[in-house]
Amino acid sequence: MAKEKTRLKLGLPFDYRTRALVEGEVGIEGYDLDIIHNFSSPGERHYRFAQEEFDVGEFSAATFLRTRERGRRFLALPVFFDRGPRQRNIFYCEGRLKHPTELKGKKLGCFRYGATAVVWARGFLLDEYGLKTPEMGWYVSGKEVYIGLELPVKVERLEPPPPFGQEKPVLARLVSEGKLHAALVAGDIGYLGIFGGGTLPKIMGESPGVRPLFEDTDEIIRHIKRTRIYPIIHLIAMKEEVAEKHPDLPAKLIATFRAAKELGIKKYMTPEQLAGYEKEKGVLGEDPYAHVLGETEKRTMRALNRYQIEQGLMKSELPLEGVFVREAFA
């Protein structure tokens with residue numbers, strides 16, 4: 001009699017990197033997979049993972065670090081989906097700002113204070129322009145996924161928040177009206193974050209005068225090469241208890257995600273996506289989606305930890321050995 005397979009519940013996006021997994025073209029030996037992939041936005045997906053609905057799921061990288069610090073039993077896999085610079089995700093209204101340093105003491109908006117994209121954007125403003133998070137006021141238009149600490153900054157919130165995925169138009173309108181001096185939002189990752197051409201400027205630009213504060217591709221590339229930090233936005237995490245119960249699973253998951261990604265490149269990427277992917281790798285000199293915990297990834301995760309401490313979202317630096325599965329270091 002065949003041994004009954006363990007059933008795992010996964011919460012994943014549906015794109016070229018996961019499609020082969022979602023559609024059953026690749027699997028995990030010894031496991032049956034129940035994959036949920038219909039979500040209104042990544043925020044909903046991450047919120048549901050944080051509520052422990054899934055055994056394995058895509059998760060906000062910043063939120064993951066916060067949950068670990070607060071004792072939540074999640075572990076990260078070296079599987080990094082959404083990456084890229086956040087400069088193009090900072091918006092302002094033309095004619096109302098001459099230099100980024102003028103944002104000191106002003107009110108900035110974001111769709112979630114603790115969102116990874118927002119943490120990275122604030123970190124960029126801190127390192128490049130000396131803009132300290134507590135020196136600015138903050139307005140949040142959406143629902144938080146997980147904070148974990150009492151924030152040391154003043155945060156005004158839209159109540160009730162709109163549904164996941166509908167937070168950006170609120171911010172664009174307030175920036176256009178001058179009620180916010182800038183807004184930090186998510187979107188246009190990867191090569192679009194480097195070279196532009198994505199959908200985010202169009203969405204935010206539906207309000208008069210609203211446009212990205214940073215659009216110089218050459219400067220964005222110089223910043224990446226100088227810092228050797230390539231922001232990680234989303235990663236794959238799993239319940240620690242599941243890893244303990246099934247010690248073979250972490251390695252199998254890593255191999256499965258790598259196989260799904262490689263098949264996705266061959267079958268599901270459009271010519272435009274392939275060209276952008278090659279340009280992105282060319283800027284970095286390595287594949288940011290190889291699903292490994294290399295020196296760039298370690299440097300990047302430590303920077304994300306550091307920024308969250310400055311922003312009042314975390315209190316301590318977490319050793320990477322304590323938050324990733326041990327197979328990440330093999």
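Predicted model: local features only at pLDDT ≥ 70, side-chain atom pairs only at ≥ 80, totals over all residues.

Reader: Which residues line the second largest pocket?

Author: Leu-75, Glu-240, Ala-243, Glu-244, Pro-247, Pro-250, Glu-321, Gly-322, Phe-324, Val-325, Arg-326 and Glu-327 line it. To count as lining, a residue needs an atom within 4 Å of a pocket point. Helix α9 (residues 240-245) gives the most to this lining, with three residues.

Reader: What makes a residue of the lining of the second largest pocket nonpolar, polar or charged, and how many are there by class?

Author: The class follows from the residue type: Glu and Arg count as charged, for instance, and Gly as polar. By class, this lining comes to six nonpolar, one polar and five charged residues.

Reader: What volume does the largest pocket have?

Author: About 910 Å³. Its lining has 44 residues, and Pro-42, Asp-82, Gly-187, Ile-189 and His-234 lie nearest the centre. They divide into 17 nonpolar, 13 polar and 14 charged.

Reader: Which elements each supply at least two residues of that lining?

Author: Those are α2 (42-50), β3 (56-60), α3 (61-69), α4 (116-129), α6 (190-195) and α11 (271-284).

Reader: Let's take a few of those helices. In α2, which residues are buried?

Author: Gly-43, Glu-44, Arg-45, His-46, Phe-49 and Ala-50. The buried residues of α2 pack against β1 (6-11), β3, β4 (74-80) and β11 (234-239). Just after α2, Glu-52 has a positive phi of about 65°.

Reader: Now α3. Why is Thr-67 called buried?

Author: Thr-67, found in helix α3, has a relative accessible area of 0%. Buried means under 20%, so Thr-67 qualifies.

Reader: And what is Thr-67 in contact with, leaving aside neighbours within four places in sequence?

Author: Phe-59, Arg-72, Phe-74 and Tyr-146. Contact here means heavy atoms within 4.5 Å.

Reader: What does Ala-117 touch, not counting residues up to four places away in sequence?

Author: Arg-86, Val-185 and Ala-186. As for Gln-87, Ala-117 is 30 residues from it in sequence and 9.9 Å from it in space, C-alpha to C-alpha.

Reader: Let's zoom out. How many helices and strands does the chain have?

Author: The secondary structure comes to 12 helices and 11 strands.

Reader: Why is the chain called as compact as a globular protein of that length?

Author: Its radius of gyration is 20 Å, and the globule rule gives 20 Å for 330 residues; the two values are close, so the description holds. The C-alpha atoms fill a box of roughly 70 × 45 × 35 Å along the principal axes.

Reader: What share of the residues of the chain count as buried?

Author: 56% of the 330 residues. The accessible surface comes to about 14,400 Å², and 49% of that belongs to carbon and sulfur atoms.

Reader: And what share of the contacts between residues at least 6 apart in sequence join residues at least 24 apart?

Author: That share is 79%.

Key. Residues numbered from 1 in each chain as written. Heavy atoms only, no water. 1 Å grid on protein atoms, 1.4 Å probe; cavity = no way out; pocket = protein on both sides within 12 Å on 5 of 7 lines; lining within 4 Å. Points joined across faces, edges and corners; volume = space filled by probe spheres on them. Helix = DSSP H or I, 4+ residues; strand = E, 2+ residues; numbered from the N terminus. Rg over C-alpha atoms; globule rule 2.2 N^0.38 Å. Buried < 20%, exposed > 50% of the residue type's maximum accessible area, 1.4 Å probe, protein only. Areas by Shrake-Rupley, 256 points an atom, 1.4 Å probe, with all protein chains shown as cover.
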